[in-house]
Amino acid sequence: MAFNKEIARFAIGVIGNITSLILFLSPLPTFIRIWKKKSVEQFSPVPYLATFINCGLWVLYGIPLVHPHSILILTIDGTGLAIEVVYLALFLLYSERKERMKFFLIIVGEIIFLASLAVLVLTLVQTHKKRSTIVGSICMAGNILMYASPLVVTKLVMRSKSVEFMPFVLSLFSFLNAVSWTTYALIRLDAFILASNSMGIGLGLAQLLLYAWYYKSTERQNAERQAQGELGLAEKTGSGVAQKKTSNDARV
């Protein structure tokens, strides 16, 4: 029975890794847009800052010196950490100058915090149980921060009645990722994974409901902008034809 439970837990963990990987890759369309426009526009860096420190914390939690037999956690969060480094580099590159320094200082602060925590835990705390308790408690806060971070654009969404700058795929896979890891933590109880991811289910659901509420108004605004753009192009084309005709008449 225990063997079957371990197989089930490993299988759910693999599913959790897949949903986590898709979650980490889901902002790709956003960053392709940023790269093409050479601007971060009104996209918030908070979700990527939160995910960066969250992945760093779980990497520390998953190393054998802190919490043995956590290879699934270590591999996926190590991958996520590398992906977030790329996202943050693009944000730094295309942010406005006055925002760039503030953004850079936050990243440096997060790195110093992670490094300091690792050194202190590995040198001052002697047992795996105590190390995993300390790091796991902090990981819970980091996980909740990651799940809640896309909601920073709530004010913008409600003011503009548009979810243009609230990526749907990020919200969807935040929810699915939370469901996967909650299930993983329930099979063989891991309170640190369970507490934060069960809260993540509620936060992810809130994001999806917000997106659904403003989806139609976003589509309407996009249609209006497209219509105005086509009208402006038609007027410009018509004006050009009229000018050309006037020029030809003048030559005659």
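**Entry 1: ground rules**

I am reading a predicted model, where local features need pLDDT of at least 70, side-chain atom pairs count only at pLDDT 80 or more, and totals for chains, interfaces and linings use all residues. Residues are numbered from 1 along each chain as its sequence is written, and side-chain values use heavy atoms, with hydrogens and water left out.

**Entry 2: cavities**

I began with the idea that rolling a probe the size of a water molecule over the atoms shows where empty space is left. On a 1 Å grid over the protein atoms alone, a cavity is a set of points where a 1.4 Å probe fits but cannot get out, and lining residues have an atom within 4 Å of a point. Grid points are joined across faces, edges and corners, and a volume is the space filled by probe spheres set on the points.

I found three cavities of 30 Å³ or more. The largest cavity holds about 140 Å³ of space. Its lining has 14 residues, and Ser20, Trp58, Asp77, Asn143 and Trp181 are the closest to its centre.

I then noted which helices take part; helices here are DSSP runs (H or I, at least four residues), numbered from the N terminus. At least two lining residues of the largest cavity come from each of α1 (2–25), α3 (46–62), α4, α6 (128–148), α8 (168–187) and α9 (191–251). I sorted residues by class: Ala, Val, Leu, Ile, Met, Phe, Trp, Tyr, Cys and Pro count as nonpolar, Asp, Glu, Lys and Arg as charged, and the others, Gly among them, as polar. The lining of the largest cavity then comes out as eight nonpolar, five polar and one charged.

Back to the cavity I started with. Among the residues lining the second largest cavity I picked out Leu23, Phe24, Tyr48, Glu84 and Met146. Two or more of the lining residues come from each of α1, α3 and α8. The largest share, three residues, is from α3. By class, the lining of the second largest cavity has eight nonpolar, three polar and one charged residues.

**Entry 3: pockets**

A pocket is an open set of points with protein on both sides within 12 Å along at least five of seven lines. The largest pocket has about 330 Å³. Its lining has 17 residues, and nearest its centre I found Val40, Pro45, Phe91, Ser95 and Glu99. Helices α3, α4 and α5 (97–124) each give two or more residues to this lining, and α5 has the largest share, with six. The class count for the largest pocket is nine nonpolar, two polar and six charged.

The second largest pocket has a volume of about 270 Å³. Of its 16 lining residues, Thr30, Glu164, Met166, Pro167 and Phe168 lie nearest the centre. Here α9 gives the most, with five residues.

Two packed helices are described by the angle between their axes and the distance between the axes. Axes are lines fitted to C-alpha atoms, for helices over the stretch in contact, and angles run from 0 to 180 degrees between N-to-C directions.

Which helix did I pair with α4 to begin with? I took α2 (residues 28–37), whose axis comes within 11 Å of that of α4 (residues 71–94) and crosses at roughly 25°. That makes α2 roughly parallel to α4 (angles under 35 degrees count as roughly parallel, over 145 as roughly antiparallel, 65 to 115 as roughly perpendicular and the rest as oblique). Contact means heavy atoms within 4.5 Å. On the α2 side I see Leu28, Phe31, Ile34 and Trp35, which meet Tyr87, Leu90, Phe91 and Tyr94 in α4. This contact has eight nonpolar, no polar and no charged residues.

Next came α3, with axes that come within 8 Å of those of α4 and cross at roughly 150°. The two are therefore roughly antiparallel to each other.

Leu88, Phe91, Leu92 and Leu93 in α4 meet Arg100, Phe103, Phe104 and Ile107 in α5. I counted seven nonpolar, no polar and one charged residue in this contact.
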